[in-house]
Amino acid sequence: MRHALRDLNRATLASLTEALRSGHIRAPITRSMLAGYVPLGQLDAVLAALSAMEREGMTPRHIAHVVGMLAEERLEGQRMSDRVQFVWSPPELDRIDSRDTAVVVQDLFVQARSSVLIATFAIDKQQRARALFAELAAKMDAEPQLAVRVFANIHHPERRRTSSFHKTPPPPTPTPAQLAREFGDKVRREIWPGRRLPDFYYDPRSLSPDAQHRAVLHAKVVVVDARYTLLTSANFTEAAQRRNIEAGVLIDDPRLATRLTQQFDKLVEASVFAPVPV
């Protein structure tokens, strides 16, 4: 059975705590004593709960301590709720007033001061990529202290089937090293619009010649200034951020942001992620 005190809001718990500590509510606790502090609809249930605590030997000071801890827990829960925002795209399909993915990403880029970490499975190129990264690229060029890292998946080109009509053999598949260099060239030519490039990393397993051992970097994350973390299903593509149905959360929590950054750091140290030659 749910305890009656848990149904009280934070303001009621706080005022009840103060009344118990100050002696305005004293033993034995009565209904009339609680009337000025507890809503009428909850009064009888709270009285029964507090009376049961008295019968177990708790004094008003002991009860105040318990009620005060509940009030603190409720406040911390509200603080945590305020630090988490629901993120959604496209905005025209939002029905609960969530934040737009594309707007959140650009806001994060605007407020970045020291560091940005991006992880994505897919990245647009040419004009669409420039639209996504223009704000961050301009900030990187203007602010040398801003460190940006992009962890991107390099997609393996599957060997094309031999034409049954012309009987021509498919071209040889480039080596993993060649594919990584080609992606680096694409970053400079078609993806990044600024003069100063971020540090790009990839998972070498994505380019394994053996399809049975191939793996992809499928995480979609943005971490800014070791404080803000966007976890989302949206890639860094125009379709994902503006047209596809995507969901995510923006969390203001330095501990989470730091731990997530450390996760990527340790995978770089262990060579799970390798630098893209750009």
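Why are aspartate 185 and arginine 188 separated by about one helical turn? The two are 3 residues apart in helix α7, and that puts about one turn between them. Keep in mind that this is a predicted model. Aspartate 185 and arginine 188 form a salt bridge, with the closest N and O atoms 2.3 Å apart. Aspartate 185 counts as partly exposed because its relative accessibility is 28%. Arginine 188, at 41% relative accessibility, is also partly exposed. There is a network as well: Lys125, Arg189 and Glu190 are joined by salt bridges that share partners.

A search of the whole structure gives 12 salt bridges. One of them is between the side chains of arginine 6 and glutamate 73, at 3.7 Å from N to O. Arginine 6 sits in the segment before α1 (10-22) and glutamate 73 in helix α4 (residues 60-82), so this pair ties together parts that are 67 residues apart in sequence. Arginine 6 has 38% relative accessibility and therefore counts as partly exposed.

Next, arginine 149 and aspartate 265, whose side chains meet in a salt bridge at 2.8 Å, N to O. This pair also links distant parts of the chain, with arginine 149 in strand β4 (residues 147-152) and aspartate 265 in helix α9 (residues 254-269), 116 residues apart. Is arginine 149 buried or exposed? Arginine 149 is buried, because its relative accessible area is 18% and the cut-off for buried is under 20%.

Aspartate 94 is buried and has no salt bridge. The nearest side chain of opposite charge belongs to arginine 95, 6.8 Å away. The side chain of aspartate 94 does reach the backbone nitrogen of isoleucine 96, at 3.0 Å. Aspartate 94 is in the loop between β1 (84-89) and β2 (99-100).

The largest pocket holds about 280 Å³. Its lining has 15 residues, and nearest the centre are Asn153, Ile154, His155, Phe183 and Lys186. Which element supplies the largest share of that lining? That is helix α7 (residues 176-191), with 6 residues. By class, the pocket lining has 8 nonpolar, 2 polar and 5 charged residues.

There is 1 cavity of 30 Å³ or more, and the space in the largest cavity is about 30 Å³. Its lining includes Thr101, Val105, Lys220, Leu230 and Phe236. At least two lining residues come from each of α5 (101-111), β6 (221-224) and β7 (228-232). By class, the cavity lining divides into 7 nonpolar, 3 polar and 1 charged.

Histidine 218 is in the loop between β5 (199-202) and β6, and at 47% relative accessibility histidine 218 counts as partly exposed. Its C-alpha atom is separated by 9.1 Å from that of asparagine 235, 17 residues apart along the chain. Leucine 50 is in helix α3 (residues 40-55) and is buried, with a relative accessible area of 0%. Between the C-alpha atoms of leucine 50 and threonine 30, 20 residues apart along the chain, the separation is 9.5 Å.

Note on methods. Residues numbered from 1 in each chain as written. Predicted model: local features only at pLDDT ≥ 70, side-chain atom pairs only at ≥ 80, totals over all residues. Heavy atoms only, no water. Helix = DSSP H or I, 4+ residues; strand = E, 2+ residues; numbered from the N terminus. Buried < 20%, exposed > 50% of the residue type's maximum accessible area, 1.4 Å probe, protein only. Lys, Arg positive; Asp, Glu negative; His and termini not counted. Salt bridge = Lys/Arg side-chain N within 4 Å of Asp/Glu carboxyl O. Polar contact = N/O pair within 3.5 Å; in protein donor to acceptor, adjacent residues only side chain to side chain. 1 Å grid on protein atoms, 1.4 Å probe; cavity = no way out; pocket = protein on both sides within 12 Å on 5 of 7 lines; lining within 4 Å. Points joined across faces, edges and corners; volume = space filled by probe spheres on them. Nonpolar A, V, L, I, M, F, W, Y, C, P; charged D, E, K, R; others polar.
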